[in-house]
Every structure is written in C-alpha cells, then in structure tokens.
Amino acid sequence: MQIIETLENRKDAVKVSELARLLSVTPKHIYKTRAAGRIPGAFRVNRALRFDPQILAEWLKGELMPDVAASRGKQKRTRVGKDLSSPLIGTVVRDARLSG
C-alpha cells in the first residue's frame with residue numbers, strides 16, 4: 001500500500017527509473033513491460049518516457065486495466081499487423097489477398 005499512497009500523493013510525472021525503484025525491477029523491465037502494453041499511463045516528454053502517477057496508482061490497486069488508459073485520453077500505440085495472429089483476422093487478410 002505504501003507504493004500506491006506514494007503515487008497518489010504525487011503531483012508530477014513518474015520517471016522510468018523512479019517507477020523501477022518503486023516496483024523493485026530494472027528500468028529495462030519497465031520499458032519492455034510498457035512496450036508490451038501491460039503498464040498504463042505512459043507518455044513522452046520530448047524523448048523521455050514518463051508515467052501518470054494517478055493512473056499507475058489505479059492500475060496497482062486493480063481498478064484499471066492497461067487497455068483502459070487509451071480511453072482515458074492516453075494514446076495507445078499499436079503496431080500494424082499486430083493482431084494478424086488472430087484466426088479470424090488472419091482469414092480475412094488471407095481471403096483479401098486471394099481475391100485481389
């Protein structure tokens with residue numbers, strides 16, 4: 001609970017190194033986990049990655065799933081073709097290629 005209270009009381013954005021220290025992981029792990037879409041509330045300040053402390057606190061309490069951050073005004077980046085592993089989407093793409 002101390003981590004959640006720390007985040008809830010913060011007014012400024014959380015740096016990657018600070019979040020890594022709070023969660024007892026490496027900064028590299030934070031980058032990888034965020035890239036996989038499992039940490040919400042991330043945004044860029046110039047080239048630096050920062051996190052919204054309120055969204056992180058909600059996420060750690062289990063009140064917010066990472067995909068919900070996109071609907072709360074945070075941009076969620078997706079890669080083109082990311083969902084092609086889905087059987088339904090793969091069929092649609094394959095059928096579109098055959099008919100074209």
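User: Taking buried as under 20% relative accessible area, exposed as over 50% and partly exposed as in between (1.4 Å probe, protein chains only), is Glu-18 buried or exposed?

Analyst: Glu-18 is buried, because its relative accessible area is 18%. This is a predicted model, where local features need pLDDT of at least 70, side-chain atom pairs count only at pLDDT 80 or more, and totals for chains, interfaces and linings use all residues. Residues are numbered from 1 along each chain as its sequence is written, and side-chain values use heavy atoms, with hydrogens and water left out.

User: Where does Glu-18 lie, and which residues does Glu-18 touch?

Analyst: Glu-18 is part of helix α2. Leaving aside residues up to four places away in sequence, Glu-18 touches Arg-10 and Ala-13. A contact here is heavy atoms within 4.5 Å. Helices (H or I, at least four residues) and strands (E, at least two) are DSSP runs, numbered from the N terminus.

User: Back up a bit. How many helices and strands are there in the chain?

Analyst: The chain has six helices and three strands. Starting from the N terminus, the elements go α-β-α-α-β-β-α-α-α. Of the 100 residues in the chain, 24% are buried. Among contacts with a separation of 6 or more, 43% are between residues 24 or more positions apart.

User: OK, α2 again. Which residues of α2 are buried, and what do they pack against?

Analyst: Val-16, Glu-18, Leu-19 and Ala-20 are the buried residues of α2. They pack against β1, α3, β3 and α4.

User: At what angle do α2 and α3 pack?

Analyst: The angle is about 100 degrees, and the axes are 8 Å apart. That makes α2 roughly perpendicular to α3, the label for 65 to 115 degrees; under 35 is roughly parallel, over 145 roughly antiparallel and the rest oblique. The axes are lines fitted to C-alpha atoms, for helices over the stretch in contact, with angles from 0 to 180 degrees between N-to-C directions.

User: Which residues meet there?

Analyst: From α2, Val-16, Leu-19, Ala-20 and Leu-23 meet Pro-27, Ile-30 and Tyr-31 of α3. By class, the contact of α2 with α3 has seven nonpolar residues, no polar ones and no charged ones. Nonpolar covers Ala, Val, Leu, Ile, Met, Phe, Trp, Tyr, Cys and Pro; charged covers Asp, Glu, Lys and Arg; the others, Gly among them, are polar.

User: And the loop between α2 and α3, where is Val-25?

Analyst: Val-25 sits in that loop, between α2 (16–23) and α3 (27–35). Val-25 counts as partly exposed because its relative accessibility is 29%. Not counting residues up to four places away in sequence, Val-25 touches Ala-20 and Ile-30.

User: What is the phi of Ser-24?

Analyst: Near 60 degrees, a positive value in a residue other than glycine. Most residues other than glycine have a negative phi. Ser-24 follows α2 and is in the loop between α2 and α3. Ser-24 counts as exposed because its relative accessibility is 68%.

User: New topic, the sheet. In what order do the strands run?

Analyst: The three strands form an open sheet in the order β1-β3-β2, with antiparallel pairing. β1 and β2 (42–45) are the edge strands with a single partner strand each, so one side of each has no neighbour in the sheet. Two strands pair if DSSP finds at least two bridges between them.

User: How many bridges join β1 to β3, and how many join β2 to β3?

Analyst: Two bridges join β1 to β3, and four join β2 to β3. Lys-15 has Arg-50 in β3 as its bridge partner, while Ala-42 has Phe-51 in β3.

User: Which face of β3 is covered?

Analyst: The covered face is Leu-49 and Phe-51, and the uncovered one is Ala-48 and Arg-50.

User: What about Asn-46 in the hairpin of β2 and β3?

Analyst: That hairpin has two residues between the strands, and Asn-46 takes a positive phi near 55 degrees. Asn-46 is not a glycine. Asn-46 is exposed, because its relative accessible area is 75%.

User: Last one: which residues of α4 are buried?

Analyst: In helix α4 (residues 53–60), the buried residues are Pro-53, Ile-55, Leu-56 and Ala-57. They pack against α1 (2–8), β1 (14–15), α2 and β3 (48–51). After α4 comes Gly-62, with a positive phi near 85 degrees.
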